[in-house]
Amino acid sequence: MIKSKYNCKLVFICISIFLLINIRSGLSLYFDFEDNAQLKDWDLQGTWKIVKDDTKGSNVLSGEGANEVCALVGDINWTDYTLEFEASGQTDEISAAFRAKDPDNYIGFMIAPSLNLTEFFQKLNGQFNENISAKGDSLGVKIQQWNKYKLIVQGNKAIAYLNGKETIKELDLDKLPKDFEKGRVGFRQWSDKAYYDNFLITGPGIPRTPGEPGLSVDLKRILTITWASIKRNSNI
Ligand SMILES: [Ca+2]
């Protein structure tokens, strides 16, 4: 019995170490943009840098340029994920990019306050197509206003939320070219300056990141369940 008890403890310790190693070795997938080291895994087109936003009281990712600016991160083979972030268009537009191969091939979700326009669009081999989705015109998003966005990209659907409410009709991804079946994620604008912060990427096969919201609670719960299961099955 004593030997069994020690074996069980050993199993628990091994599982705990395995979980911690997996969490710590993962690519950074939560970005609060508080330091420049967080940009090391990003591919940046245009001028992207970390700046202090006084209205928010936090460091944020700033992107700007004369034409299109694009910042991508993640694995080109990712398919499904949920993207959560905060954004504030400093001159006008903000956009998220997903199922992205590179700055010339991605799907975008755009908010343009000056046009009161919300839409999904695609860029394939450098060519834009803005007629792939419904358009929204009554969201009321303002320039230099921080808002919370969430994009759920799952299977053949993409759904966008603004401050917890669905923005426009979901996008049918199965009607788009097969080029958009998988890809990276990030942000982009055209000739505009925009701020982004607290970017969280979650999904199947996407590792967790130290410091991301909710992680410590989740880890504690997993370990508690594991330990309870070991005790139950071994009667210790
Ligand atoms: Ca921040």
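Me: What makes β12 and β13 a pair?
Reply: Two strands pair if DSSP finds at least two bridges between them, and β12 (residues 147–154) and β13 (residues 157–162) have six, in the antiparallel sense. Because strands here are DSSP runs of E, at least two residues long and numbered from the N terminus (helices are runs of H or I, at least four), both names are just DSSP bookkeeping. One facing couple is Val153 and Ala158, the latter in β13. The hairpin has two residues between the strands, and Gly155 in this hairpin takes a positive phi near 60 degrees.

Me: Before we go on, what kind of model is this, and how are residues numbered?
Reply: This is a predicted model, in which local features need pLDDT of at least 70, side-chain atom pairs count only at pLDDT 80 or more, and totals for chains, interfaces and linings use all residues. Residues are numbered from 1 along each chain as its sequence is written.

Me: How do you know that β13 also pairs with β14 and β15?
Reply: Same test, since at least two bridges are needed. Two bridges join β13 to β14 (residues 165–166), antiparallel, and β13 and β15 (residues 171–172) have two as well, also antiparallel. So both meet the cut-off of at least two. Tyr161 stands opposite Glu166 in β14, while Ala158 faces Leu171 in β15. The β13 and β14 hairpin has two residues between the strands, with Asn163 at a positive phi near 50 degrees.

Me: What makes β5 "largely enclosed"?
Reply: A residue is buried if 20 or more other C-beta atoms lie within 10 Å of its own, exposed if 12 or fewer, and partly exposed in between, with C-beta atoms placed from the backbone. Five of the six residues of β5 (residues 68–73) are buried, so the strand is largely enclosed by the rest of the structure.

Me: Which strands does β5 pair with?
Reply: Among them are β2 (residues 43–45), joined to β5 by three antiparallel bridges, and β16, joined by six, again antiparallel.

Me: Why is Gly183 called buried?
Reply: Gly183 has 24 other C-beta atoms within 10 Å, so it is buried. Gly183 sits in the loop between β15 and β16 (184–190).

Me: What is Gly183 in contact with?
Reply: Contact means that the C-beta atoms of two residues, placed from the backbone, lie within 7 Å. Leaving aside neighbours within four places in sequence, the contacts of Gly183 include Ile76, Trp78, Phe98 and Tyr106. As for distance along the chain, Gly183 and Asp102 are 81 residues apart in sequence but 8.7 Å apart in space, C-alpha to C-alpha.

Me: What makes the largest nonpolar core a core?
Reply: The label means a set of buried Ala, Val, Leu, Ile, Met, Phe, Trp, Tyr and Cys residues joined through C-beta atoms within 7 Å. The largest such set has 44 residues, and those with the most contacts inside it are Leu83, Ala96, Ala97, Phe98, Leu151, Val185 and Tyr196. Beyond four places in sequence, Phe98 is in contact with residues including Leu83, Leu151, Val153 and Val185. In soluble globular proteins, nonpolar side chains tend to be buried together.

Me: Why is Phe33 buried but Ser191 partly exposed?
Reply: Phe33 has 21 other C-beta atoms within 10 Å, so it is buried. Ser191 has 14 other C-beta atoms within 10 Å, so it is partly exposed. Phe33 lies in the loop between β1 (30–31) and β2, and Ser191 in the one between β16 and β17 (194–202). Neither is a glycine, yet phi is positive in both: near 55 degrees for Phe33 and about 55 degrees for Ser191.

Me: Where does pLDDT stay under 50?
Reply: It stays under 50 over residues 17–27, for which the model has 12 contacts beyond four places in sequence. pLDDT is the predictor's confidence in each residue, from 0 to 100. Where pLDDT is low, the predicted coordinates should not be read in detail. The chain averages 86, and 79% of the residues score at least 70.
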